[in-house]
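Visitor: I have a structure here that I would like to understand. Could we go through some parts of it together?

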Amino acid sequence: MSLNTALLARMIRERRGGMGLRETCIQIGEISAPTLSRIENGKQPDVDTLLRICKWLEVPADTFSSSAASSEQNRREQIVTLLRGDRDLDAPTKDALLKMIDLAYNNLHH
């Protein structure tokens, strides 16, 4: 499995907010501050560490699978293509729905 380390790092930073590395590590459990710092800087964690972080983030580990991100993008493109091709909807309705779809997909991992 190829890991989307950029997404992992972003989600850790977002969840951590203003909390310090050490306090975050205590919450996650069995992870050191230097290790967490390396992960936040894009390094790939070992499997056990990834699973601990996923539990703390409350997301499944496959959230960070590059193939999952690709599949998610394909679904999004299919929905947008079908919506744009729908002749029964007027332009303002299509625009509103496209904005909702963008919001939904952009907030999937937040």
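Visitor: Where is Glu30 found?
Guide: Glu30 sits in the loop that joins helix H2 (21-28) to helix H3 (33-40). Please keep in mind that the model is predicted.

Visitor: Is Glu30 buried or exposed there?
Guide: Glu30 is exposed, because its relative accessible area is 68%, and the cut-off for that word is over 50%.

Visitor: What is the phi of Glu30?
Guide: The phi angle of Glu30 is near 55 degrees, which is a positive value in a residue other than glycine. For context, most residues other than glycine have a negative phi.

Visitor: And what about phi in Glu58?
Guide: Glu58 also has a positive phi, near 65 degrees, and is likewise a residue other than glycine. Glu58 belongs to the loop between H4 and H5. With a relative accessibility of 70%, Glu58 counts as exposed.

Visitor: Let us turn to the helices. How do H1 and H4 pack?
Guide: Helix H1 (residues 5-16) and helix H4 (residues 47-57) pack at an angle of about 45 degrees, and their axes are 11 Å apart. That angle makes H1 oblique to H4. The crossing in which H1 passes H4 is left-handed.

Visitor: Which residues make that contact?
Guide: From H1 the contact uses Leu8, Met11, Ile12, Arg15 and Arg16, and from H4 it uses Leu50, Ile53, Trp56 and Leu57. Sorted by class, the contact of H1 with H4 has seven nonpolar residues, two charged residues and no polar ones.

Visitor: At what angle do H1 and H3 pack?
Guide: H1 and H3 pack at an angle of about 120 degrees, with their axes 8 Å apart. The two helices, H1 and H3, are therefore oblique to each other.

Visitor: Which residues meet there?
Guide: On the H1 side they are Leu8, Ala9, Ile12, Arg13 and Arg16, and on the H3 side they are Leu36, Ile39 and Glu40. By class, the contact of H1 with H3 has five nonpolar and three charged residues, and no polar ones.

Visitor: A new topic, then. How many disulfides are there?
Guide: The count comes to zero disulfides. Cys25 is in no disulfide, and the nearest cysteine sulfur, in Cys54, is 15 Å away.

Visitor: Are Cys25 and Cys54 buried or exposed?
Guide: Cys25 is buried, with a relative accessible area of 7%. Cys54 counts as buried as well, at 3% relative accessibility.

Visitor: Where does Leu83 lie?
Guide: Leu83 lies in helix H5 (residues 66-85). Leu83 is buried, since its relative accessible area is 12%, and the cut-off for buried is under 20%.

Visitor: What is Leu83 in contact with?
Guide: Apart from neighbours within four places in sequence, Leu83 is in contact with Leu89, Lys94, Leu97, Leu98 and Ile101.

Visitor: Where is Lys94, and what does it touch?
Guide: Lys94 is part of helix H6 (residues 91-106). Lys94 is in contact with Leu83, Arg84, Asp86 and Leu89, again leaving aside neighbours within four places in sequence.

Visitor: Is Lys94 buried or exposed?
Guide: Lys94 is buried, with a relative accessible area of 17%.

Notes
Residues are numbered from 1 along each chain as its sequence is written. This is a predicted model: local features need pLDDT of at least 70, side-chain atom pairs count only at pLDDT 80 or more; totals for chains, interfaces and linings use all residues. Side-chain values use heavy atoms; hydrogens and water are left out. Axes are lines fitted to C-alpha atoms, for helices over the stretch in contact, and angles run from 0 to 180 degrees between N-to-C directions. Helices (H or I, at least four residues) and strands (E, at least two) are DSSP runs, numbered from the N terminus. Angles under 35 degrees count as roughly parallel, over 145 as roughly antiparallel, 65 to 115 as roughly perpendicular and the rest as oblique. A crossing is left-handed if the near helix is turned anticlockwise from the far one by less than a right angle, and right-handed if clockwise. Contact means heavy atoms within 4.5 Å. Ala, Val, Leu, Ile, Met, Phe, Trp, Tyr, Cys and Pro count as nonpolar, Asp, Glu, Lys and Arg as charged, and the others, Gly among them, as polar. A disulfide is a pair of cysteine sulfur atoms within 2.5 Å. Buried means under 20% relative accessible area, exposed over 50%, partly exposed in between (1.4 Å probe, protein chains only).
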